[in-house]
Amino acid sequence: MADRKATLTVEGLEKSIELPVYSGAAGPDVIDVRGLGAEGLFTYDPGFMATSSCQSAITYIDGGQGVLLHRGYPIDQLAKQSDFVELCYLLLFGELPDKAQYDEFAGRITHHTMVHEQLANFFKGFRRDAHPMSILCGVVGGLAAFYHDHLDITKQEDREISAIRLIAKMPTIAAMSHKYNVGQPFVYPRNDLNYAENFLYMMFSNPCENYEINPVFAKAMDRIFMLHADHEQNASTSTVRLAGSTGANPFACISAGIAALWGPAHGGANEAVLNMLDEIGDDSEENIQRFIDKAKDKNDPFKLMGFGHRVYRNFDPRAKVMKETCDEVLAQLGKADDPQLKIAKRLEQIALEDEYFVERKLYPNVDFYSGIILKAMGIPTNMFTVIFAVSRTIGWISHWHEMLSDSYKISRPRQLYTGHTQRDYPAK
Ligand code: CMC
């Protein structure tokens, strides 16, 4: 694999060190620094600014060009022509399914949507006003206590069963966390509905009245699931890989991913965007400018939520599709004049013309518009990140599966130690 070498010379070290350089299918070449440890050296890269933690063939991002490919297919083509279940198949198995494979896969997911009846008791331990992300973290981790069969992670078949169980049960558990919050009975999944319809049904139906699924909402929901499905080695996916590298239970690994996703710098941003738009209140120029100025103020920790990305230094291709979907949904609902949409569009326009944002290449990311669509569909703000977690489960489990399918080592970073050197405990 190595066709070139990098030579490292370190002041004070007599010999220079040769390191192999590998080229991937696309993207920057990488220098294999694993041999440095034997020379008494470590690399130092807090925040993983230039460190590849693994090899992967699932997703490719070119941040400079605003490109996102899943197994080679561009996200905008997938979002417009495929559906979430097909994307799950593609991410997990590497190729698009034919009709028979699709039907079989969709059928397997549908038949695993129910959760063990006793799992409902878990919810009762939470306060009614618990954030649904905390419920999700706990209950998904709790799945490890319910599904003891097919847990040999060295077997492809067992890993697939865990993957199917997780993809299928996440919407059920997510909807249950909402129902618990609002004090309504849990709703069982229905096998005649597709993935997105089923989620909306479990979220919004109740035993007292007939719930009609709005096809516009179902399509938008499916697209939101697709746009969040995978994003290569992001913080939560890396967390799942790291937990998985210890041989941990797959449900526990996904629970770790949910915890990492929750932060406002990652999946929690969609909730934070809506809270920010609420705080801005109206679309007056001076009001919006006040928030822009706050975001630019180095003495203020506030950041414009839904803006910026570690990898995209051009537009986020997911945000482009999300914006179109947002316009479509609000137009179909007769809410094209939605005040929050107006604030968001003006905010985007001002920020894109402002030198601070232009210089730093800060563009709207996927979370900037998703919250407005979700809100228009009647989804409460505290469920936004939960929906991100439902979508990202396929990404997490595909990376976990990929790692375990190949040779791997426990992930164990090293450090630059800056504390005390050895000292004696004071005599008493
Ligand atoms: N508002 C104002 N300034 C910003 C913002 C923002 N949203 N994002 C970055 N900056 C500034 C930052 O202060 C820094 O300025 P300077 O060079 O003067 O110190 C510069 O831009 C570079 O930013 P950074 O923080 O070094 O970039 P990062 O790669 O470490 O962080 C980020 C990326 C997404 C955490 C950050 O842009 C951010 O906090 N954005 C808001 C939260 C958000 O929308 N997150 C969702 C990400 S997309 C969904 C997902 O994948 O989870």
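I take helices (H or I, at least four residues) and strands (E, at least two) as DSSP runs, numbered from the N terminus. The model I examined is predicted: local features need pLDDT of at least 70 and side-chain atom pairs count only at pLDDT 80 or more, while totals for chains, interfaces and linings use all residues. Residues are numbered from 1 along each chain as its sequence is written, and side-chain values use heavy atoms, with hydrogens and water left out.

**Entry: His228**

I located His228 in the loop between helix H8 (215-227) and helix H9 (235-244). I use buried for under 20% relative accessible area, exposed for over 50%, and partly exposed for values in between (1.4 Å probe, protein chains only). His228 counts as buried because its relative accessibility is 1%. I looked up polar contacts as pairs of N or O atoms within 3.5 Å; within protein, one must be able to donate a hydrogen and the other to accept it, and residues adjacent in sequence count only if both atoms are side-chain atoms. The His228 side chain reaches the backbone oxygen of Ile224 at 2.9 Å. For contact I require heavy atoms within 4.5 Å. Leaving aside residues up to four places away in sequence, I found His228 touching Met322, Val366, Asp367, Ser370, Phe388, Ser391 and Arg392.

**Entry: the nonpolar core**

I define a nonpolar core as a set of buried Ala, Val, Leu, Ile, Met, Phe, Trp, Tyr and Cys residues joined through side-chain atoms within 4.5 Å. The largest one has 122 residues, of which Leu136, Met221, Ile258 and Leu304 touch the most other members. Helix H17 (residues 384-405) gives the most to this core, namely twelve residues. For Met221 I listed contacts with Ala196, Phe199, Leu200, Leu374, Met377, Ile379 and Ile387, again not counting residues up to four places away in sequence.

I then turned to helix H5 (residues 132-142), where eight of the eleven residues are buried. Leu136 is one of these, as are Cys137 and Val140. The buried residues of H5 pack against helix H4 (120-124), helix H6 (156-182), helix H10 (250-261) and H17.

**Entry: the ligand**

A backbone N or O atom of Leu304 lies 2.7 Å from a ligand nitrogen. A polar backbone atom of Phe307 is 2.9 Å from a nitrogen atom of the ligand. An N or O atom in the side chain of Tyr356 is also 2.9 Å from a ligand nitrogen. Taken alone the ligand exposes 940 Å², and the protein buries 77% of that (Shrake-Rupley method, 1.4 Å probe; for residues, only the protein chains shown count as cover).

**Entry: the sheet**

I treat two strands as paired if DSSP finds at least two bridges between them. Three strands form an open, antiparallel sheet in the order E4-E5-E6. E4 and strand E6 (73-74) stand at the edges with a single partner strand each, so one side of each lacks a neighbour in the sheet. Four bridges join E4 to strand E5 (residues 67-70), and Asp62 has Val67 as its bridge partner in E5. In the E4 and E5 hairpin, with four residues between the strands, Gly66 takes a positive phi near 70°.

**Entry: Asp278**

I found Asp278 in helix H11 (residues 269-280). Its relative accessibility is 49%, so Asp278 counts as partly exposed. The Asp278 side chain makes a polar contact with that of Gln340 (2.7 Å).
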